[in-house]
Amino acid sequence: MLTPDQTYQLLRALTSPIVAVTSAKDGKHNGMILDSAIRASIVPTVPRVSVYVHKFNYSHDLIFQTGRFGLHLLHTGQFDVIHRLGFVSGRDADKLAEVPHHLGTTGVPVLDDCHAHFECAVANVMDTGSSTCFLGDVVAVGFGAVTANAPRGEVMTAAYFRAHMPPEWRQTYEAQLQRAQRFAEQHSRNIRAVRWPGLSA
Ligand SMILES: Cc1cc2nc3c(=O)[nH]c(=O)nc-3n(C[C@H](O)[C@H](O)[C@H](O)COP(=O)(O)O)c2cc1C
């Protein structure tokens, strides 16, 4: 019989690459970091992704209210972006102020430097109690700009991030993870039936 911790370590093998997820509302631009993004369609003409966003994150409300998000595969040179977007909330800081970006065709911020970006329109949602799983139709896609300072490089996987994270970040990262785990533990059983307004009757 495996312990819950052993089971969790096994489940970590299902973690996605590290991605930056952006959103915008009323002129406010925001970004966060996720490792819970997956391809959610096998049909090349119906490209889809899904992401799990905790309800306490500011991005959750921005995505829920606008039905739009930008998803960025990062490259292995982008630890600074992970630190800027994944360690503090956009409620407390203008996190994209120092991250070069432009608005994409759907109005979401698109990071100039990334491996690739996808602009997504929410097609449906699933409530997990502590988070929302957003299913997104990919409506625009592109590579990041390649410059001498920003080669496109290898995709930042979760394993690469954990193995190469600057040691001085680890304590904050672990504390933040534990806070999120406590929140999830408290709320995971309280699942609501949510009907996404964009669905036809
Ligand atoms: C490596 C890493 C992975 C993360 N994965 C997730 C995730 O899958 N879902 C989530 O809701 N938050 C995740 N986070 C935490 C958010 O990025 C973090 O809470 C962020 O500050 C949220 O910003 P916001 O409040 O501006 O939306 C992750 C953070 C890091 C550093």
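A word first: the model is predicted.

Let's start with the ligand. Where does it sit? The space that the ligand takes is the largest pocket. Around the ligand there are 23 residues. The closest are Ser-36, His-54, Ser-59, Ser-89 and Gly-90.

What kinds of residues make up this shell? Twelve are nonpolar, nine are polar and two are charged.

Now the elements behind the shell. Five of them each supply at least two residues: the strands β2 (28–34) and β4 (48–54), and the helices α2 (58–66), α3 (79–86) and α5 (167–187). Which gives the most? That is β2, with four residues.

Next, the polar contacts. Take Ser-89, already named among the closest residues. A polar atom of the Ser-89 side chain lies 2.7 Å from a ligand oxygen. Then Lys-95. Here an N or O atom of the side chain is also 2.8 Å from a ligand oxygen.

How much of the ligand does the protein cover? On its own, the ligand has 650 Å² of accessible area, and the protein covers 91% of that.

Most residues other than glycine have a negative phi. Asp-26 is not a glycine, yet its phi is positive, at about 50 degrees. Where is Asp-26? In the loop between β1 (19–25) and β2. Is Asp-26 buried or exposed? Asp-26 is exposed, because its relative accessible area is 73%, and the cut-off for exposed is over 50%.

Conventions:
Residues are numbered from 1 along each chain as its sequence is written. This is a predicted model: local features need pLDDT of at least 70, side-chain atom pairs count only at pLDDT 80 or more; totals for chains, interfaces and linings use all residues. Side-chain values use heavy atoms; hydrogens and water are left out. A residue is near a molecule or strand if one of its heavy atoms lies within 4 Å of it. A polar contact is a pair of N or O atoms within 3.5 Å; within protein, one must be able to donate a hydrogen and the other to accept it, and residues adjacent in sequence count only if both atoms are side-chain atoms. Accessible areas come from the Shrake-Rupley method with a 1.4 Å probe; for residues, only the protein chains shown count as cover. On a 1 Å grid over the protein atoms alone, a cavity is a set of points where a 1.4 Å probe fits but cannot get out, and a pocket is an open set with protein on both sides within 12 Å along at least five of seven lines; lining residues have an atom within 4 Å of a point. A molecule sits in a cavity or pocket if more than half of its atoms lie within 2 Å of its grid points. Ala, Val, Leu, Ile, Met, Phe, Trp, Tyr, Cys and Pro count as nonpolar, Asp, Glu, Lys and Arg as charged, and the others, Gly among them, as polar. Buried means under 20% relative accessible area, exposed over 50%, partly exposed in between (1.4 Å probe, protein chains only).
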